[in-house]
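This report looks at a few loop residues and their local geometry. Please have the sequence and structure open as you read.

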Amino acid sequence: MSGPETSTSGAEDRTEAGEAGLLYGILNEIISSPLNLALVGVISFLLYKITRSRQQPTALPPPPPEMPRLRRDFTVAELKQYDGTQPDGRVLVAVNGNVYDVTKGKNFYGPGGPYAVFGGRDASRGLATFSVTASPNDEYDDLSDLKSHEMESVREWEMQFKEKYILVGRLLKPGEQPTNYSDEDEDKDGSGEGGPSAVRKRAAAAAAAKDAVAAAVESAAEVAASKGEAESATAAADDGKDKAE
């Protein structure tokens, strides 16, 4: 009975010895070669960086402070001052006669962006012709020579700008006077259901309704009092008439 057990034990010993010899051979191969040592070091460093990056999420940079809203019209020369290189970094772009604040898209329209040539300029012609190049003409462009499909492209771009960016004002034609947006701005900015202008309007309407109700009540009271006095006078006259008879 001891023969098979001894044979099995010997096979297991040989297997373990073979595995140990294989590991020793691999380790010896790595140690004996400087290139293998360098590769092991690089792999270990990469594994460490990957593990550390997963354990410690990268903190996002704080968002830039919100800039005060700008509401005015611009000439072509005035618009050029808002290409993102000025101290406040604001970027304005004109499309189809309207000027939009695209500062939140500064990565596209600001300095170094793929559409930086449109910053502080009228981008209508470039968008219509799919040409991302600076126009040498710094005068007002009425777009009168554009074809119908090109103007349709401009209008489509304008719709996208209206959805994504804040309307600042209009791009003035030569000799055109700017609009005073002080009163209009207040109405538009507060025209929402919870806006300050809407709240003031509701308060004024409520006060007017309250005054109207009070006036109606007072008028009704006066009418009632007058009617009562008339009835009293009539009754007194009737009594006097009965006594005289």
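The side chain of Q86 reaches the backbone nitrogen of G84 at 3.0 Å. The model behind this value is predicted. A polar contact of 3.0 Å also links the Q86 side chain to the side chain of D88. Q86 sits in the loop between α3 (76–79) and β1 (92–95). Is Q86 buried or exposed? Q86 has a relative accessible area of 15%. The cut-off for buried is under 20%, so Q86 counts as buried.

Most residues other than glycine have a negative phi. N96 is not a glycine, yet its phi is positive, near 55°. F130 is not a glycine either, and its phi is positive at about 55°.

Where do these two lie? N96 is in the loop between β1 and β2 (98–101). F130 is in the loop between α5 (124–129) and α6 (148–164).

Their accessibility follows. N96 has a relative accessible area of 27%, which falls between the 20% and 50% cut-offs, so N96 is partly exposed. F130 reaches 67% relative accessibility; exposed means over 50%, so F130 counts as exposed.

The table sets out accessibility by residue.

| Residue | Relative accessible area | Class |
|---|---|---|
| Q86 | 15% | buried |
| N96 | 27% | partly exposed |
| F130 | 67% | exposed |

To recap, the Q86 side chain has a polar contact with the D88 side chain, while N96 and F130 carry positive phi values.

Terms used:
Residues are numbered from 1 along each chain as its sequence is written. This is a predicted model: local features need pLDDT of at least 70, side-chain atom pairs count only at pLDDT 80 or more; totals for chains, interfaces and linings use all residues. Side-chain values use heavy atoms; hydrogens and water are left out. Helices (H or I, at least four residues) and strands (E, at least two) are DSSP runs, numbered from the N terminus. Buried means under 20% relative accessible area, exposed over 50%, partly exposed in between (1.4 Å probe, protein chains only). A polar contact is a pair of N or O atoms within 3.5 Å; within protein, one must be able to donate a hydrogen and the other to accept it, and residues adjacent in sequence count only if both atoms are side-chain atoms.
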